[in-house]
Number of protein chains: 2
Amino acid sequence: MARPREFDQDKALEAAMDVFWEKGFEAASLSDLTARMGIQRPSLYSAFGDKKGLFEAALRKYTSSHAAYVRGSLHKHSSVKEAFRTFFEDVVSKEYEKSPSTGCFCINSMVELAAHDEKFEILTREHQMYLSVIFQETLERGIQSGELDAGINAKNLAQTLVISLIGLTVFLKSRPDRVVIDNFVKQILTLVTIS
Amino acid sequence: MARPREFDQDKALEAAMDVFWEKGFEAASLSDLTARMGIQRPSLYSAFGDKKGLFEAALRKYTSSHAAYVRGSLHKHSSVKEAFRTFFEDVVSKEYEKSPSTGCFCINSMVELAAHDEKFEILTREHQMYLSVIFQETLERGIQSGELDAGINAKNLAQTLVISLIGLTVFLKSRPDRVVIDNFVKQILTLVTIS
DNA sequence: ATTATTACATACCGATCGGTATATTATTAA
DNA sequence: TTAATAATATACCGATCGGTATGTAATAAT
């Protein structure tokens, strides 16, 4: 009934996600965004509302794909201990490879926006709680299989692992000595083994 | 030999610190800053260089006073376990009292700037490593007094505590259920007791 | 073929951005 | 009292900010 959209809305959103991920909300300008998205301003505004709306859409895209990545990663090994070990080690090695390190878009947003905007306070919190559920399910799989001690509190330990992951991800932004990071990962994995 | 400065440079810097702490580097405008500092732009530029220079001075002021606060807090109890317990619990309760929660200025800066500016990568990393030294000294005090097991690795544990503190501080920005946080603190303190 | 509808590109909006030129005022040294 | 120095206040700079009005091009229903 009308002229069809010429750009791929999902591709454009992914490009916007990359820009916000790299620069943050404030530092990403409309010019940055439209350049990377390959569209003009009016197209952006008609498709996504305004800058905050585009940011929210980008963050939602990130959280859902990130959750899928985490879930997939933890299912790649039948051993739960092995699954957590490779997951944390991958987080670390990926961050040292990239330059500049981007970290986690959701954590970045939590720091920049959660304290001043309730919408993002909720959105970022719920993603962390969702990751916690994924961790918990993985731990329970290990308990069921007999790999992990039946006495561990999967829910509590999952929450601890999530907060540890946050600390790890943030600290990596300052490019600390790898020995410090490897030591931390080792201590965290100890919790999975002996708790 | 010339007209004396009419404003207190340190008070002005503290006001700038508050603004950057609340808003971050990008979102803090020169108008915000001069208004809270109670000075005019030319005074700001002659005293602190430019916006980044003022930010750096503010961050340095923060890290030194924050390090002093942490050291003082950990020395308030002769029991090292008690010292860490009240320290972490204070971090948590202070953050739930404030609205909006400000978190840690150094961590905020690490997330916003460390990946794009080597100066802040180094500055924020060194502050965390300095906190780690304070933690380590406190742990060693506990070992010396016999309160802590002599077998613990004070340096490694201190680094773990610092990264855990980062995760805790960041996650608090999303105002998670207090139960989740209290559980995390309890697990972290367990490391001090049994490692 | 005409009309309604919607996406497109250009060009523009007022506001605000970080930063500074200019002139005045206050101080100290001579 | 005068000259030198530096801090102040005002007013301004070009650039860029987020956001939009306008006219044109493309599609689908009639």
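**View 1. Where chain B meets chain A.** In this predicted model, 38 residues of chain B are in contact (heavy atoms within 4.5 Å) with 38 residues of chain A. The two chains bury about 3,500 Å² between them, with 70% of that on carbon and sulfur atoms; buried area here is the accessible area (1.4 Å probe) lost when two parts are put together, summed over both. On the chain B side, Val111(B), Ile163(B) and Phe171(B) lose the most area to chain A, together 18% of what that side buries.

View 2. The salt-bridge count between chain B and chain A is 0, taking a Lys or Arg side-chain nitrogen within 4 Å of an Asp or Glu carboxyl oxygen. Helix 6 (105-114), helix 7 (118-144), helix 8 (154-172) and helix 9 (178-194) of chain B each supply at least two residues of the side touching chain A. Helix 8 of chain B gives the largest share, 11 residues. Helices are DSSP runs (H or I, at least four residues), numbered from the N terminus.

**View 3. Helix 2 of chain B.** Leu30(B), Leu33(B), Thr34(B) and Met37(B) in helix 2 (residues 30-37) are buried, meaning under 20% relative accessible area (1.4 Å probe, protein chains only). Down the helix axis these buried residues fall within an arc of 90 degrees, so they line one face of the helix; the arc uses directions from the axis to the C-beta atoms. They pack against helix 1 (9-23), helix 3 (41-48) and helix 4 (51-74) of chain B. Next comes Gly38(B), with a positive phi near 70 degrees.

**Notes.** Residues are numbered from 1 along each chain as its sequence is written, and chains are lettered from A in the order written. Local features need pLDDT of at least 70, and side-chain values use heavy atoms, leaving out hydrogens and water.

Definitions and conventions
Predicted model: local features only at pLDDT ≥ 70, side-chain atom pairs only at ≥ 80, totals over all residues. Buried < 20%, exposed > 50% of the residue type's maximum accessible area, 1.4 Å probe, protein only.
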